[in-house]
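Subject: Structure handover

Hello,

Here is the structure I said I would pass on.

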Amino acid sequence: MGECEVCGKNDASLVSIELEGAILLACVNCSSLGKKIEIPSLNKNLNFSYKFSSKEMSLGLDLPDDLGKRLKQAREKSNLTFKDLGLKVFEKPTLLQKIESGHFKPSDSLIRKLEKVLQVKLH
Ligand SMILES: [Zn+2]
């Protein structure tokens, strides 16, 4: 999504063109005015941010298969409900429920928060 730099029209599918030595984002109509440049700049950016965030989420920790079980035991030992624990680690209770049932892999930082709050080793 953006604005055509030639005519100013809002267009969802802008293409990069070279026009009189300048590189512009142009709508489909205006793209014929210049030379098309084959750089999917928009997609490239999307891929980049996707990779970046997935790297951030990547699990450096080796999580045990029984992580959910361990978490459940530790939580029950501490007499905490999902809601209590959620408040302590700033996560939604439903997310914690998913972790315990094995439907969600927590990020490293969440694991560490849980370990700290529950005083248990989860990895
Ligand atoms: Zn245009």
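This is a predicted model: local features need pLDDT of at least 70, side-chain atom pairs count only at pLDDT 80 or more; totals for chains, interfaces and linings use all residues.

Numbering runs from 1 along each chain as its sequence is written, and side-chain values use heavy atoms, with hydrogens and water left out.

The largest nonpolar core has 16 residues. A core here is a set of buried Ala, Val, Leu, Ile, Met, Phe, Trp, Tyr and Cys residues joined through side-chain atoms within 4.5 Å, where buried means under 20% relative accessible area (1.4 Å probe, protein chains only). Leu-71, Leu-85, Leu-96, Ile-99 and Leu-114 touch the most other members. Two or more residues each come from α3 (67-77), α4 (82-89), α5 (93-100) and α6 (108-118), helices being DSSP runs of H or I, at least four residues, numbered from the N terminus. The largest share, 4 residues, is from α6.

A second, separate core of 6 residues includes Cys-4, Leu-19, Cys-27 and Cys-30.

Leaving aside residues up to four places away in sequence, Ile-99 is in contact (heavy atoms within 4.5 Å) with Leu-67, Gly-68, Leu-71, Phe-104, Pro-106 and Leu-110.

On the helix pair, Leu-85, Lys-88 and Val-89 of α4 meet Leu-110, Lys-113, Leu-114, Val-117 and Leu-118 of α6. Counting Ala, Val, Leu, Ile, Met, Phe, Trp, Tyr, Cys and Pro as nonpolar, Asp, Glu, Lys and Arg as charged, and the others, Gly among them, as polar, the residues of this contact are 6 nonpolar, no polar and 2 charged.

Regards

Conventions: Buried means under 20% relative accessible area, exposed over 50%, partly exposed in between (1.4 Å probe, protein chains only).
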